[in-house]
Amino acid sequence: MSLKKLLMTSSTLLVATLTLSACGNSNSKQATNKPAAKQVLNWSLKSEIATLDSALVPENGSANMINNAMEGLFRIKNNHAEPGLATKTKVSKDGLTYTMTLRKNAKWSNGDPVTAHDFVYAWHRAVDPKNAAPGSYLYSGIKNADAIIAGKMAPDTLGVKANGDYELVVQLEQQTPYFKLLMGDIRFFPQDQKAVEKYGSKYGASAKTTVFNGPFLLEGWTGSNLNWKFVKNKNYWDKKHVKMETVNFKVNKSTTTAYNLYQANKVDFTTLSAEQAKELAKTPGYKVLQEARTTYMEYNLEKKEFKNKKVRQALSYAIDRKHLAQNVAGGGAVPLTNFVPKDLAKFKGKDFSELAATKVGVTYNKKLAQKLLKEGLKELGEDHFEFTLLGRDDETSKKETEFIQSQIEQTLPQVKVVTRNIPGKVIIAQASKGDFDAQLTGWLADFADPINFLDVETKANFTNMGNYDSPEYNKLVTAAKTTDALNENKRFEDMIKAAKLLNEDQPVVPLLQDNVPEMLRPTVHDMVQNSAGITDDFKEVYVTE
């Protein structure tokens, strides 16, 4: 989620993008819509952000902020790559060399020009193993990236170079038809070397220690507070298409509080809880964002009990996903029976999740759960055990961890589950160091292909925090990305086998495919929300009276 090496064709890619406007209907502008005198939005978020460092960003909330305050070679809108800093792209006959001409009127917020050297610098930081960038795997497919990330080559050997200030050349190891889409990801954005070196470890840790080059400047974030804002960037090259003057953000971890603010006209957008979604489904402004987003429980396989596959499977069989989806998560969430969600990709007319479907480990089966746990504990020489389940401290996550706790303890009395709900960035910090038993986490597709999910659980992937290491699984995913990448039949066969193996081994417990119920004020227009990759794009949003 190495993605560069696989071939994506129209038969393997299912575009799933949702554009929201008044009442969730078409975004077509009506003559009666009069732009408001003050172009100001108030936006409710359910969790804080972790960083503004585009090279090291670990989660989607931060990525959304970066995507609006910074800009790369391309911008992604409705799953299409639109011009960003690249004004012209030339591709070699063999498809392995991209030469991009950059616009000369782009500036950083400190006044520095944005140049090709900024891309080279940022990409070197992203693949340098000493930085442990969570998204470094995305560079796989660019010349020497894998060897650099593995510590076998120096970062400056990466297949990217600047020909002067305004020409960037990228060399690939294999053809990448979706190259422009990939370049729209924030992990490939440029960085001002002068600013990064000036602030050192504090770069991206607050608004004041970050520089921006996008449609908006981000102000007021100290690194730990729960409110900040976007203000229109007067020096942005395409400022004429930026309508909003200010977007105010406030983190409200309670959906009840957030919706009360929405009713009081103090916020223009909020996500909803399952109960709220049921009540408000026919209300103007209600919409469900269909996302390629999953929720799953990840085990730390260094913990003695979780090294036993029967124990892992038992806990999975103890959870009623249908009940979790309908009565806890709600809002259109559906049970997840494979690590790869539904409606992400098709092969020969069938959905990938259908092709990779198994009943192993992903159905609710109380008797089988009890049988497997008894056998697993006997193999371990134990008769009971306890573990702590980490979850975010927002309202929805709290309910989900409590449900999982209750299900496991009621079905398997030998197991005690302690829930601990803490800020998301604290979980990431702990889990990345292996300091956890199990965590309730998730994944949002960078783009729509099964490998985007399957790659998460490979040995070298940063996001594989539970340290799952199956030689067979790693072999299958690697083949899908390399030797079989250009053979659609073999590639899908590899991925289907890998998905089934993941269900069998259960290093992660697939739980939910999340669809997000929302309220967006009907006076808000041209808000683009993509189902894969970066969700929110405020660049062309405007409000009417």
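Is Phe 387 buried or exposed? I looked this up before anything else, bearing in mind that the model is predicted. Phe 387 has a relative accessibility of 1%, so I count Phe 387 as buried, the cut-off being under 20%.

**Entry: around Phe 387.** I placed Phe 387 in strand β17, which runs over residues 385–392. I then listed what Phe 387 touches, leaving out residues up to four places away in sequence. The list includes Phe 306, Leu 315, Ile 408 and Val 417, and also Lys 303, Lys 416 and Asp 437. Val 415 is on the list as well. I checked that pair: Phe 387 and Val 415 are 28 residues apart in sequence, and their C-alpha atoms are 7.9 Å apart in space.

**Entry: the cores.** I found 138 residues in the largest nonpolar core. Phe 387 is among the members that touch the most others, along with Trp 43, Leu 73, Trp 123, Leu 218 and Phe 538. Helix α2, residues 116–127, gives the most to this core, namely 8 residues. I also noted a second, separate core of 9 residues, with Tyr 259, Tyr 262, Val 267 and Leu 280 among them.

**Entry: around Leu 218.** Neighbours within four places in sequence aside, I find Leu 218 in contact with Leu 52, Met 65, Ala 69, Ala 207, Phe 212, Trp 228, Lys 229 and Phe 230.

**Entry: a pocket.** I looked up the second largest pocket and noted a volume of about 230 Å³. Its lining divides into 8 nonpolar residues, 2 polar and 1 charged. Among the lining residues I wrote down Leu 56, Pro 58, Asn 131, Lys 425, Ser 432 and Phe 462.

Conventions
Residues numbered from 1 in each chain as written. Predicted model: local features only at pLDDT ≥ 70, side-chain atom pairs only at ≥ 80, totals over all residues. Heavy atoms only, no water. Core = buried A, V, L, I, M, F, W, Y, C linked by side-chain atoms within 4.5 Å. Buried < 20%, exposed > 50% of the residue type's maximum accessible area, 1.4 Å probe, protein only. Helix = DSSP H or I, 4+ residues; strand = E, 2+ residues; numbered from the N terminus. Contact = heavy atoms within 4.5 Å. 1 Å grid on protein atoms, 1.4 Å probe; cavity = no way out; pocket = protein on both sides within 12 Å on 5 of 7 lines; lining within 4 Å. Points joined across faces, edges and corners; volume = space filled by probe spheres on them. Nonpolar A, V, L, I, M, F, W, Y, C, P; charged D, E, K, R; others polar.
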